[in-house]
Amino acid sequence: MRLELVRRPESPWFGIVAPLLAVALTVASGFVLFLALGLDPVETLYQFMLAPLTTFQSLTELGVKGAPLALIATGLAIGFRANVWNIGAEGQLIIGAIAAGGVALAFWNEAGWWILPLMLAASVAGGMAWAAIPAFLKTRFGVNEILTSLMLTYVASLILQMLVFGPWKDPDGFNYPQTRLFSEAALLPVLIEGTRLHAGALVALLAALAAWFVMARTVTGFEIAVVGDAPQAARFAGFSTRRTVWLSFLVGGGAAGLAGAFEAAGPIGQLVPVLTPGYGFTAIIVAFLGRLSPPGIVAAAALMALTYIGGENAQITAGLPQAATGVFQGMLLFYLLATDGLLRFRIRLTGARSPRAAQP
Amino acid sequence: MIDFLIPVMAAAISAATPLLLAATGELVVERSGVLNLGIEGMMLMGAMAGFAAALLTGSHLAGLLAAALAGMLMALVFAVLTLSLSANQVASGLALTIFGIGLSALVGAPYVGQPVPALPKLDIAGLSDLPVAGPLLFRHDGLVYFSVAAVAATWWFLNRTHAGLKLRAVGESAQAAHALGHPVIAIRYAASLFGGAMAGLAGAFLSLSYTPMWMEGMTAGRGWIALALVVFSAWRPWRALVGAYLFGGVGIVQLHAQGAWGLPSEMFSMLPYVATVLVLTVISARSQAGGTGSRAPADLGKPFRASR
């Protein structure tokens, strides 16, 4: 007997069924896992998945945490479509936040309308510059972009630490490793009074809309898809792989940098040694869970934001380490990849001697 | 000077060992045409499982076995996804890392801060007392020697055995190997599991020898550096050994240089990561400029399904 995968005809349903099935399987596995760890599985799962949806305050937090995920994933998805693997978004986010923070600190005792736009522009430029390094090394020397973009994330995180422990430390901050609080002019406007939901969430939605338009309705979007799906056809058509690599990294880096500015000028309001619970990495899962399409990404970002808030809840109520969130996120991606395979192919058991199974 | 150098070099050998174990495993995996980016996750699961087993049973051997097993189980998840279900290898590897970081922290939470005795140093009668060579080469624990032996065994297996030849054939052209009647998927499964076991042991070296304790995320990017080492090695075991010792050396030198010349310590901590980028660039530039033979296996990362 042997397993065989037979390709099924494509169906538009797969794109919707697979993620839902993956979520269901993740919840089921979480149940078993919590049971094995001696926790009350129903209560813990409730804290993880449903409690965040029960109050208005935590619903707005969904937007606070979902916005950077959606923004970064939208940028990354363009590269993933073209088989360009920028997995250093976390580093690009950090450099973006540093650039925005630099502007905010330089003008911290001034109040001008131009400060915030300048910060956002600086963050986009910073994220792009950091992403340009792997893009340059890839296009010029053929260096594997996965490894370089990831290594640069560690470097970016150390640069941030160097600044907040060193020259940028708040002089009136009792020696805590953090910068001054940003001035009023350097903070993002809040959308709903009394919550942390900031204007960045709107920008993230607009960015998803814009990306959807570019990918679905423009020649550039078509080029990117062809370079990823059929590199040879792309070469014959005269589409440039080099251009696609640059475009992917600059868009991904710019989006991640902007997300960094949103974090610093939004919920945090200053620079601290650790800015995010790994949004740059989680965004990779968001991109895949959302099928690399902007509408899917927005939905996936909300779901991932849910696991973050749920993780914080479970940390308080059940004493789970915050990393438990990663278990859910990893499992989701596993199951998504698995259900994808199962839906695309039909598994058939065949006899080893069947003439159609040519090889042992 | 020599009194200072010997402990530094001995420490470099120690720091290189987890990189070498993981890189040797991944090298075999990649030679079979599979790219598993989940080393960091497998290492962490190995570190946690090895530590927990050693703590609970009091046996280091049980710890090492548990670590290898944990790494293999993680690799099995990856193999089922990518080999049986033809899932994207890059995405699956990343998922494995994120999952491993989370699961090891979750399951390992009760063991944080607990003490466990470090792996015993092998005290080889006579040799350990030699001047210079004694403290440098003969006062390590068994895993250090195992890692070097594993490099030799891997070289021998890949280049001198029939099975190794088949494995390389599968990595160069899965379709051709399949046409010749070699079981492509089975060979890739075996290679992936070996990679998992080695990554698990690499993790156990960290939690049972290097810093005998368990802490979440304690691998600190070593899994990724091991991946870079495989590229550095041009997929050849002995060059992986040289690379691992170079990187181990950089890691130790930056520790000793911390604070020198009045520079912030973070600048030294960046060194291993910056060095990785530089080395990868030099290697890639050279292979692009025309064949030092450091070419990746031709079918690396490509999913395979038997066509009829």
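**How many helices and strands are there in chain A?** In this predicted model, chain A has 13 helices and two strands. Its radius of gyration is 22 Å, close to the 21 Å that the globule rule gives for 360 residues, so chain A is as compact as a globular protein of that length. Picture the C-alpha atoms of chain A in a box of roughly 80 × 60 × 35 Å along the principal axes.

**View 1. A look inside chain A.** Of the 360 residues in chain A, 54% are buried. Take the contacts in chain A with a separation of 6 or more: residues 24 or more positions apart account for 77% of them.

**View 2. Where chain A meets chain B.** Here 50 residues of chain A are in contact with 52 residues of chain B. Together the two chains bury about 4300 Å², with 79% of that on carbon and sulfur atoms. Look for A:Leu147, A:Met151 and A:Phe334, which supply 15% of the area that chain A buries against chain B, more than any other three residues.

**View 3. The elements on chain A's side.** Elements giving two or more residues to the side that touches chain B include strand S1 (2-7), helix H6 (145-165) and helix H13 (324-344) of chain A. H13(A) brings the largest share, 13 residues. By type, the residues on this side of chain A divide into 36 nonpolar, eight polar and six charged.

Methods. Residues numbered from 1 in each chain as written. Chains lettered and ligands numbered in written order. Predicted model: local features only at pLDDT ≥ 70, side-chain atom pairs only at ≥ 80, totals over all residues. Heavy atoms only, no water. Contact = heavy atoms within 4.5 Å. Buried area = accessible area lost by both parts, 1.4 Å probe. Helix = DSSP H or I, 4+ residues; strand = E, 2+ residues; numbered from the N terminus. Nonpolar A, V, L, I, M, F, W, Y, C, P; charged D, E, K, R; others polar. Rg over C-alpha atoms; globule rule 2.2 N^0.38 Å. Buried < 20%, exposed > 50% of the residue type's maximum accessible area, 1.4 Å probe, protein only.
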